[in-house]
Amino acid sequence: MRGIGSVEDYMNHLTATSPRAMAFDPEKPWPAWQEELRERFAALLGEQPQEEAALAPRLLERQSCDGYVRERIELTTRSGVRMAVYVLTPERPLRTPLPAVLAVHGHGYGSREIVGLLPDGSERTGDPGLHKDFGAALARRGFLVAAPELLGFGDRRLAEDRAAETGRSSCFRLSAQLLLLGQTMAGWRIHEMKRVVDYLLSRDDVDAGRIGTMGISGGGLVCGFTAALDERLRCCVISGYTSTFEDSILSRQHCLDNYIPGVLQLAEMPDLLGLIAPRPLFLEVGCRDQLFPAAAARKALHQLERIYAAAGAETPPAADFFEGGHEIHGEPAYAWLERQLAR
């Protein structure tokens, strides 16, 4: 029976009274607030390599597709760890050198899900699901697209999960093991995204000043927080994630890869995403999204608008609240990326 003194009430009280010591305060000097929050947030994500291993890219496969060439390469992300990345090169570039987008998948069967492939790597002709093949869509619009395979998905699952059903990830076990080691899945994935940016910058055909990122759901976490910590990313589209921790991650059971120990002692989600400011930010929000509700997204957007104003941003964060659920919408975000990176 719920009531005063119930577990639910007590936990809600803990959440509500957590200090959020670095929440945005318009009375604090903007640059100092941003610098300190970025440093403290990075520390919460866990220890990172002190020295980066050579990327040592290796081509795994190459295929001509409708409007682009699809390559699968493999990179070293840290000593002893390799990651596969789909690289889609457009046949009709928006400009040269190429503007590039780091495209980050959410929960599902991995990077193949956003480039039009089935889990076994064969071409998909049916329903594209919530991801809507957004990596392939961006390549057809003229962007070079890098779509990495996040740790715990696709070919980067534990053996026990690779032997199970197609969509089963290794997020829980890997996240739990990293937590016991004083690290986080978010920290690992963000570091690996930075390595993809390193790779993009190593390419002669990519414009170093025109690299953006787009991700959905768990991929929204990864691309949003990577952009918050890596200023080489010129702009960011976050789909199906922007909210508050209290209204989304803590309102129902989510995958363990969402949890960063002590984060509410530091700040709320929009404060952390505010570290992207004054660089351009675009939010996709499904009005029927049950995982990251639209009402909480509007609350987060209001806080982000305050942060962007304090940062002296040329434009406030933009948003597409569309009639849909937890899914990519697409066209408004694609057009926005084109304005930011190609014009």
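About 180 Å³ of space lies in the second largest pocket of this predicted model, whereas the largest pocket holds about 440 Å³.

**Second largest pocket**

- The lining of the second largest pocket is made up of G106, H107, L130, S217, G218, Q253, H254, C255, N258, L291, F292 and H326.
- By residue class, the lining of this second largest pocket divides into eight polar and four nonpolar residues, with no charged residue.

**Largest pocket**

- The largest pocket is lined by 17 residues, and M11, L14, T15, L250 and L264 are those that lie nearest its centre.
- Two or more residues of the lining of the largest pocket come from each of the elements α1 (7–17) and α8 (263–266), and α1 gives the most, with four residues.
- In the lining of the largest pocket, nine residues are nonpolar, six are polar and two are charged.

**The sheet**

- Nine strands form an open sheet with mixed pairing, in the order β1-β2-β3-β5-β4-β6-β7-β8-β9.
- The edges of the sheet are taken by β1 (58–65) and β9 (318–322), each of which has a single partner strand, so one side of each is left without a neighbour in the sheet.
- On average, and with direction ignored, neighbouring strands of this sheet are turned by 20 degrees against each other.
- Within the sheet, strand β4 (residues 98–104) pairs with strand β5 (residues 144–148) in the parallel sense over three bridges, and A146 in β5 is the bridge partner of L102.

**Helices packed on the sheet**

- Helix α10 (residues 294–310) packs on the sheet, where it touches β8 (281–286) and β9, and the direction of α10 makes about 170 degrees with that of β8.
- Helix α11 (residues 331–342) also packs on the sheet, touching β4, β6 (206–216), β7 (235–239), β8 and β9, and the direction of α11 makes about 170 degrees with that of β7.

**Overall dimensions**

- Taken along the principal axes, the box filled by the C-alpha atoms of the protein chain is roughly 60 × 50 × 45 Å.

Note on methods: Residues are numbered from 1 along each chain as its sequence is written. This is a predicted model: local features need pLDDT of at least 70, side-chain atom pairs count only at pLDDT 80 or more; totals for chains, interfaces and linings use all residues. Side-chain values use heavy atoms; hydrogens and water are left out. On a 1 Å grid over the protein atoms alone, a cavity is a set of points where a 1.4 Å probe fits but cannot get out, and a pocket is an open set with protein on both sides within 12 Å along at least five of seven lines; lining residues have an atom within 4 Å of a point. Grid points are joined across faces, edges and corners, and a volume is the space filled by probe spheres set on the points. Ala, Val, Leu, Ile, Met, Phe, Trp, Tyr, Cys and Pro count as nonpolar, Asp, Glu, Lys and Arg as charged, and the others, Gly among them, as polar. Two strands pair if DSSP finds at least two bridges between them. Axes are lines fitted to C-alpha atoms, for helices over the stretch in contact, and angles run from 0 to 180 degrees between N-to-C directions. Contact means heavy atoms within 4.5 Å.
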